[in-house]
Every structure is written in structure tokens, then in C-alpha cells.
Amino acid sequence: MDLSFVQKDRAAGSLLAMACGDALGAGYEFRLRRPFTMPVEMVGGNFGFSPGEWTDDTSMAIVIAEVAARGADLRTEESLDAICEGWRVWRQTAKDVGIQTQSVINRGGSPGTAAGYREAAVYLHRETGRTAGNGSLMRTAPVALAYLHDRQAMAEAATLISNLTHFDPVAAEACVLWCEAIRLSVLSGEIVSPTAGLDLLKPESQSFWIEIIAAAEAKQPHTFPNNGWVVSAFQAAWSAIVHADVPEDHPALGMHQAQHLQIALDRAVRVDNDTDTVAAIAGSLLGAIWGASAIPSEWLTKIHGYPDYSAKDLTRLAILIVQKGEPQPGGWPASETTNYHQSAAPAVELLPNLYVGGQTALATADDFDAVVSLSRVGLTEGGKAPTNHLRVSVLDSHAADMNPNLAFQFQDVADFIDSRIQQNQKVLLHCVHAHTRTPSFAVGYLMRTKSMTYVEAVAKVREVLPLADLHAPFDSVLKSLEGIHPRAEEIGQLWWDETAAQLWLETTQGWFQRSGSAWQSVAQPEVSLAPAAPHQIAEFDEVEVTKS
């Protein structure tokens, strides 16, 4: 199956957002539920996890992804053996391992084999009668990517891999349903319900899952606190997705539909108990819906973990999985460096500490503190640590549907660059030839941080990049960002409806109403409003969560 650039972006997004959810949730695992009055951030977690470090959820998924990235059929005994041995090796240095999974690995023998693991899983089930933990669901995303073309094979592989550690069929059924939602979301870019995979289950199981999914859609995620059980983890993750409002696209207010990914992950973390696993499960589907291009830059440069991987490695695995182990012409994403036919576009100074150029500018990367790559680069190209090298998923294309999150990316990358410059760091912004992507993102930066109009910003950029060609849709999206502000609240008057406990925003561009975590444009209110106090914003969010 040939996939478009944007479909591959969504495939990469599944693994990346899974890792981001995992790293976000790690800091709040088995603690009191995080209230909406306090932020959710990558702060590190128990067992010595550092800020941005993923846990066993992503680490176990990576082992599966490594096998799938070779183009292997995950259903073969050889592939299953490789997965089991990979988990055994990981276990030797793992900071934390789920109780059920740890028991199976310990009993599964060395080297790890599928036969040994299945026997250990059966033994554990006979011993305890409880093997429907969330440990197989949290790692299942790579299975969906491996079988985008064949849902039946996907269901078989998801079941076989779940059974390696989780004997209870309910765990495997959850994996099948979640994988089908991921598969369809990668292909379509739509929010696909897990009910889409019901026909892949045995008829006698379908009614059970219909009720489970309906309950998730009726209740908030924190109402499923027993989320060490696969069913409750499934429900909490799906509930976080469906109860997070999708913002209206309103670029001038800094509102983008793609921010649904952040809003939903925020809700997924605000549950009791196994927060990292719930958020990792939710992230694997959210990334499949919105893509890597919807993930904040600060997250992408921060996530890391076993086996000494970062965002670029998860991207590499995802792309190789969907391409059946075959890199693209030129070797990407597995090549150490790129071999573009490069034009002479050395780095030139646009503003103090901000330099723009082409791929050739990477040869001088040591002169910069941070690099922002708008084109594909090799695994070691630029020589920067992952925290100092942002790789942006954007295509130089005249087709608007190839960059569906472009407005969000302009805003997000501008904020990332500005945060580095505020720290007195030198930043290099580049693509291949510095003709379209580099000048476009430079214009976006000037508009967002220097309050320039589109025309003023283009003129400024063309002083140093005279061959800049901001073709559609880049120019049209940039024009829609004129007057953009970081937060909607900063460009209007906030009002509070005491009777309905409803937050309103009045701006020069109309009225907006707070719905969950997002703003939606509405008609002018006919009710009596009072000026809103800042604390009422957080209180409103808390009311939304607790009233059900």
C-alpha cells in the first residue's frame, strides 16, 4: 500500500504521541488525581525516570516496533521469539516493569521464546485467575502500523502478541479494537471509534465491548480508576479522547483543531493510578488521528528512553514499519546523513541569534546552540543532542491537504525558536534550499514574536533570502495568522455566567464560549455576564470534569 506524506506523518504520530503521553503521565502515576487548577508537564516520575523519559509502556512497544521495522510478519514464531527475547533483554536494565509482565518474563526462560512466554502466561493465569492487566494494550500501537493493509492479519497479530504475556482473552480483544481504531485513523485522519473493530471479535464478545465503549463515552476518564485492568484503562483512554473538545480552527486566536491532541492527553493524565499507561494508550490513537505535525515541539525535543532513543528514532521505526522495512530512495529514515542535491544556501543572520539557510548550513551546526530542521535529515546529521535539534514534519507542497496542521506548526515552531532565543541561544532554521519552508517559518516567527504584518515579515526575510518563494498554501496560511496571539484570553474580555457556570470571551472577532478545554465561536450572549476572575478559568474546567 502506497501511503501519502500525511498518512506517514500520522503513522509516526502514533508512536510519538504514545511516548509523549507516557512521559507526561509518568510524573503523576499512583498519586492523587491531578486537578485542573494545576498544569500537566513532563516532570519525570517514580523509579528514577527523568523529565521526558518514557516508561515500560513505550519501551515494550519499541521492541515490537524493532521487529516490525525489518518488514517481518509479526505472526510468525520467529518474530514472536524475537519480541520475547527483546523484552527479556530490556527487563535486565528496566527501571520499572508491570507485575504481570515481570512474572511472565522471569518464568519465560533465557533466551526468551514465544513458547516459553505463553507457557508462563498460562501458568500465571491458573495461579491467579487475573491476567487481564493493561500491559498488552499499552504496547500494541506498532501492530496496527504493521498491518495498515490487512485488518484480519492485524487482529491475528495483536492477539498473538497480547497472549505472550496476558492469557485472558479480554486483553487481546482490547488490543484488536484499539489497533483497528489506530489503523483506520492513520488512513483517514478521522477520530475513529473502537467500535469499528467489533466484527473482528467473536460474536459472543461483541455485546460486552459495545457496553464498555458506551460507558466510556458517557463518563469522564477519572470515573474509571481501576485502570490497571485493561478494560478500565481502555475506557479511561477513550473517554479522554471523546470528552476533549476539538477546538474550532481560528488561527488569529491561536486556536487549531490539532490542539485536540494536547487537550485529550491532558485529560488522560488527570486520572488516578496508572496515569502513564492511560495516557500512552490514548496518545497512540491521538497521534494516529492528528499526526506528528500536531505534537508540540517542546515535547518532541524532550521525550527519550530505552534503548537510548529519542523522537527521531520513533519516527524511523514508524516509517520503516509502514514501508515494510524498506527505506525511501536516499536511505531516509535509516540513513546517517542525507544526500540531497543541495544548492549553496549557507546560514545568514535574519535577527540577532536567528540564522536561516539550507541543508548545507548543517555543516556549520557546531556554531549554533539549537537547530530546527524543516527538511528530512539523517540520524546523526547536525551532530546535535535531541533536545537541541527539532525535526519538523512539513512537506514543500502546493497541496494544502499535505500539511493539514500548518497553521499550528507555524505558531508552535515560532514559540520554540523564541524560547531558545530568550535563553540567548543561537538558532539555525533550515530546509533543503531555503526557498519555501525556511522563509515561510521565518515569516511566521516574525509575525508571531515581532508583531509584523505578513507583508512586513516577507520583506524582512527577503532581505537575506532574496529567492524566497512562499507559494500556496504557505502564504495563505501565514496571511490567516496576522494578529495571532499566544492565548485567546490575552486579546479580549473574559466574562462569567454565574448561573450556568459558563466562561465567555469577547474579542474584536466575535464571541467565544468555553466548552471543556476549548473555545467555540458563538452568537452574542443574551444572558447577564460579570467580568471573570482568573481563577474561574481553572474552576470551570474542574466543574466540567466532575459534574458527570
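In strand S4 (residues 354–357), Leu 354 and Val 356 point one way and Tyr 355 and Gly 357 the other, and all are buried (under 20% relative accessible area, with a 1.4 Å probe and protein chains only). Strands here are DSSP runs of E with at least two residues, helices are runs of H or I with at least four, and both are numbered from the N terminus. The model is predicted, so local features need pLDDT of at least 70 and side-chain atom pairs count only at pLDDT 80 or more, while totals for chains, interfaces and linings use all residues. Residues are numbered from 1 along each chain as its sequence is written, and side-chain values use heavy atoms, with hydrogens and water left out.

Strand S4 has pairing partners, where pairing requires at least two bridges found by DSSP. With strand S3 (residues 348–351) the pairing is antiparallel, over 3 bridges, and Leu 351 stands opposite Leu 354. These two strands form a hairpin with 2 residues between them, and Asn 353 in the turn has a positive phi of about 75 degrees. With strand S7 (residues 427–430), S4 pairs in the parallel sense over 4 bridges; here Leu 354 stands opposite Val 427.

Aromatic pairs were also examined. Rings of Phe, Tyr and Trp (its six-membered ring) pair if their centres lie within 6.5 Å; planes under 30 degrees apart count as stacked, over 60 as edge-to-face and the rest as tilted. By this rule there are 8 aromatic pairs. One of them, Trp 209 with Phe 234, is tilted, at 5.0 Å centre to centre and 55 degrees between the planes. Trp 209 belongs to helix H9 (residues 203–218) and Phe 234 to helix H10 (residues 230–242), so that this pair links distant parts of the chain, 25 residues apart. Both Trp 209 and Phe 234 are buried. Another pair, Tyr 355 with Phe 368, is edge-to-face, at 5.3 Å centre to centre and 65 degrees between the planes. Because Tyr 355 lies in S4 and Phe 368 in the loop between S4 and strand S5 (370–373), the pair ties together parts that are 13 residues apart in sequence. Tyr 355 and Phe 368 are both buried. Ring pairs also link Trp 178, Phe 208, Trp 209, Phe 234 and Trp 238 into a cluster.

A charge sits over a ring if NZ of Lys or CZ of Arg is within 6 Å of the ring centre and within 35 degrees of the ring normal. The charged end of Lys 426 sits over the ring of Phe 368, 5.5 Å from its centre, and Lys 324 lies over the face of Tyr 147, at 5.4 Å from the ring centre.

Methods: Buried < 20%, exposed > 50% of the residue type's maximum accessible area, 1.4 Å probe, protein only.
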